[in-house]
Amino acid sequence: MPTIQDYHRWPDEHGRFGNYGGSYVAETLMAPLAELGEAYERLRQDAGFLAELDRDLQHYVGRPSPVYHAERLSQHVGGARILLKREDLNHTGAHKINNTVGQALVARHMGKRRIIAETGAGQHGVASATVAARLGMQCVVYMGAVDIERQKINVYRMKLLGAEVVPVTSGSKTLKDALNEAMRDWVTNVADTFYIIGTVAGPHPYPKMVRDFNAIVGREARAQVLAQYGRLPDVLTACVGGGSNAIGLFHAFLNDADVRIVGAEAAGEGIATGHHAASLAAGRPGVLHGNRTYVLCDDNGQITETHSISAGLDYPGVGPEHAFLKDAGRAEYVGVTDDEAMEAFHLLARTEGILAALESSHAVAQAMKLARELPKDGIVLCNLSGRGDKDVHTIAAREGVEV
Amino acid sequence: MSRIDRRFAKLKAAGRTGLIPFVTAGDPAPAHMVALMHALVDAGADLIELGVPFSDPMADGPVIQHASERAIAQGVGLKEVLDWVGEFRGRDADTPIVLMGYLNPVEIHGYARFAQEAVAAGVDGVLLVDCPLEESAVLQPLRVAGLQQILLAAPTTAPSRMAQLCGSAEGFLYYVSFAGITGAAHLSTGDIAARVADIRTRAKAPVAVGFGIRDAASAKAIAGFADAVVIGSALVERLSGATDAAEITARAQGFLQPIRAALDAH
């Protein structure tokens, strides 16, 4: 592949990122997707819409989020400076709200009164329930029965916000099945329903739209690091499940050829054990949930069940733009195990007073590895995509502590 | 002329409405799959839609979803499905077979390899639910090998797009009777009639109507304006739990025969 100068020109008008992306959906959804794509293309160039979005991001979400130099963590690691982009400080505690605020505004402009969403860790469900409450819309969240069990706090938060949480008991009862079920709802209720997909997967225009709404993370961080340090970071890292927080951080830096980009996937109990969710590191190109991307599946093409300690990374596909960046050699994707994430979680808590989400703890673990390879004046920029309050019970259970 | 085209020509000449049962390959019992296919034909099926099980059937309701899960749990994949078609062809050279499913199993099998093996087994067409016309360039090897690509049309399909689908249709055009998943229960035949009548005047191929047809009465209501009716979830539900060949055959025939009679009485 020839060297790419401008990574920002993808996707094309069909939603393709090279060989990936596209719209692999049943005929019934082609029209609503086209309607959404047209509405979004119009709104993203509409000054009034963009001003409205900026206002919400500033006054409701609390943007910009800080870039924080984790000095004691960096000292402990003994390498480069680790900077954390504090998406955990956003309203509702994760980057997910950047996207739901944006999509809810699109929904309102399209005259839709009912919001549906899928969720894994519950962060996207909470962020969807939040914006639905604020705009006075009905909200239904599909969540795998397994995830409901391990993310009880977020389930209750969604209910407090007025959302209906529907348990999904098909397949592996996790995020992928919740996505299937939300699609089924959408196909049945297309006239009045807006489906807020929470990650950069799904059919076109979702991978592009969700990326655009999260790209503020990288735009802010790039300007913040330049202002504070007078240069760009040496390397970026973020956790990758579906990949929305990662593409959010990476996108503004894609054309900065000197900035290395590393995505941290969930290696679970280790990639060699087969109990993981590392679609890019260990999967193959296939078609899932409306797009061509890397998937984890068997030789019959059946999607395989994944494992990760973090519900938000427990997904057998990945956003098509990540697949494209991997093949183009622009970004690397590596596995971080449950144990490594747990170790990073504790270390960050003890050295910096920050409880990170288990998802984000994978990124912190990777940031520590990268920092060790660099001199002390190097800069590793890590997306701390969410806070860990929701995971306290999971962690206690894993460590045999009764809360 | 393909086997599907021949079958629809014959139906038209006889003034009959085609009956297309859908069954999930490998359900309820992999060992009796070929017997089930023959039973469907004996009970009056004009064409068989054979569902290739997939782990994430986004467009299907719970009945077909669970049938897929049961089949996958028994190790059913494309290879088994193609073997059954090959075995079925040993006794039945006339009844067309369309494989219905999702793209990933075919993608992972390899398009060229699948095309060659499917044609060798005696498959006539494919309906890949998540592969709309816009993405169907990947299916070129299937077309080259002679497999017909059955397209879906839906109530949400815009007029300009409907014209494109009508122009591209081969084998038959599958009209999805309502916006929803397979097996859902609301069917408003009045709306469908007008839509299908319009499509039939424009489509290059016959039009089959599916989704929501459960029994003789609903099949008969559709028969007045469609070239064929497709019945899936209700049949899969009726078959579920049957274990031996005799019972599977009896249930299939008990379900299908009244529908066949209703269509022929039309």
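# A tour of chains B and A

Start in chain B by selecting S68(B), which lies in helix α3, residues 62-73. The model in the viewer is a predicted one. S68(B) has a relative accessible area of 4%, so this residue is buried, the limit being under 20%. Show the residues around S68(B): leaving aside those up to four places away in sequence, the serine touches T24(B), P53(B) and F54(B).

**The sheet of chain B**

Next, colour the strands of chain B. An open sheet of nine strands runs in the order β5-β4-β3-β2-β1-β9-β8-β7-β6, and its pairing is parallel. Which strands stand at the edges? They are β5 (148-149) and β6 (151-153) of chain B; each has a single partner strand, so one side of each is left without a neighbour in the sheet.

Now select helix α8 of chain B, residues 159-168, which packs on this sheet. The helix touches β6 and β7 of chain B, and its direction makes about 150 degrees with that of β6(B).

Move to strand β8 of chain B, residues 207-210, and show its side chains. V207(B) and V209(B) point one way from the strand, while A208(B) and G210(B) point the other way. Are these residues buried or exposed? All of them are buried.

On one pairing, strand β7 of chain B (residues 173-176) runs parallel to β8(B) and is joined to it by four bridges. Here L173(B) stands opposite V207(B). In the other pairing, two bridges join β8(B) to strand β9 of chain B (residues 228-231), again in parallel. V209(B) has V229(B) as its bridge partner in β9(B).

Elsewhere in the sheet, select strands β3 (residues 97-101) and β4 (residues 125-128) of chain B. These run parallel and are joined by four bridges. Look for V98(B), which stands opposite G125(B) in β4(B).

**The six-stranded sheet of chain A**

Hide chain B and turn to chain A. Its strands include an open sheet of six, ordered β3-β4-β14-β9-β10-β13, with mixed pairing. The edges are β3 (67-69) and β13 (332-337) of chain A; each of them has a single partner strand, so one side of each is left without a neighbour in the sheet. From one strand to the next, the twist averages 30 degrees.

Helix α10 of chain A, residues 216-229, packs on the sheet and touches β3, β4 (81-86) and β14 (379-384) of chain A. Its direction makes about 140 degrees with that of β4(A).

L236(A) stands opposite I261(A) in β10(A).

**Helix α4 and two partners**

Select helix α4 of chain A, residues 96-109, together with helix α9 of chain A, residues 206-214. Their axes come within 8 Å and cross at roughly 120 degrees. That angle makes α4(A) oblique to α9(A), and the crossing is right-handed. Show the contact: α4(A) gives N98(A), N99(A), G102(A), Q103(A) and V106(A), and α9(A) gives Y206(A), M209(A), V210(A), F213(A) and N214(A). By class, this contact has five nonpolar, five polar and no charged residues.

The contact of α4(A) with α5(A) has six nonpolar, six polar and two charged residues.

**Last stop: a hairpin**

Finish with strands β11 (residues 284-288) and β12 (residues 291-295) of chain A, which pair in the antiparallel sense over five bridges. L288(A) stands opposite N291(A) in β12(A). The two strands form a hairpin with two residues between them. Select H289(A) in the turn: its phi is positive, about 55 degrees.

Technical notes
Residues are numbered from 1 along each chain as its sequence is written. Chains are lettered from A and ligands numbered from 1 in the order in which they are written. This is a predicted model: local features need pLDDT of at least 70, side-chain atom pairs count only at pLDDT 80 or more; totals for chains, interfaces and linings use all residues. Side-chain values use heavy atoms; hydrogens and water are left out. Two strands pair if DSSP finds at least two bridges between them. Axes are lines fitted to C-alpha atoms, for helices over the stretch in contact, and angles run from 0 to 180 degrees between N-to-C directions. Contact means heavy atoms within 4.5 Å. Angles under 35 degrees count as roughly parallel, over 145 as roughly antiparallel, 65 to 115 as roughly perpendicular and the rest as oblique. A crossing is left-handed if the near helix is turned anticlockwise from the far one by less than a right angle, and right-handed if clockwise. Ala, Val, Leu, Ile, Met, Phe, Trp, Tyr, Cys and Pro count as nonpolar, Asp, Glu, Lys and Arg as charged, and the others, Gly among them, as polar. Buried means under 20% relative accessible area, exposed over 50%, partly exposed in between (1.4 Å probe, protein chains only).
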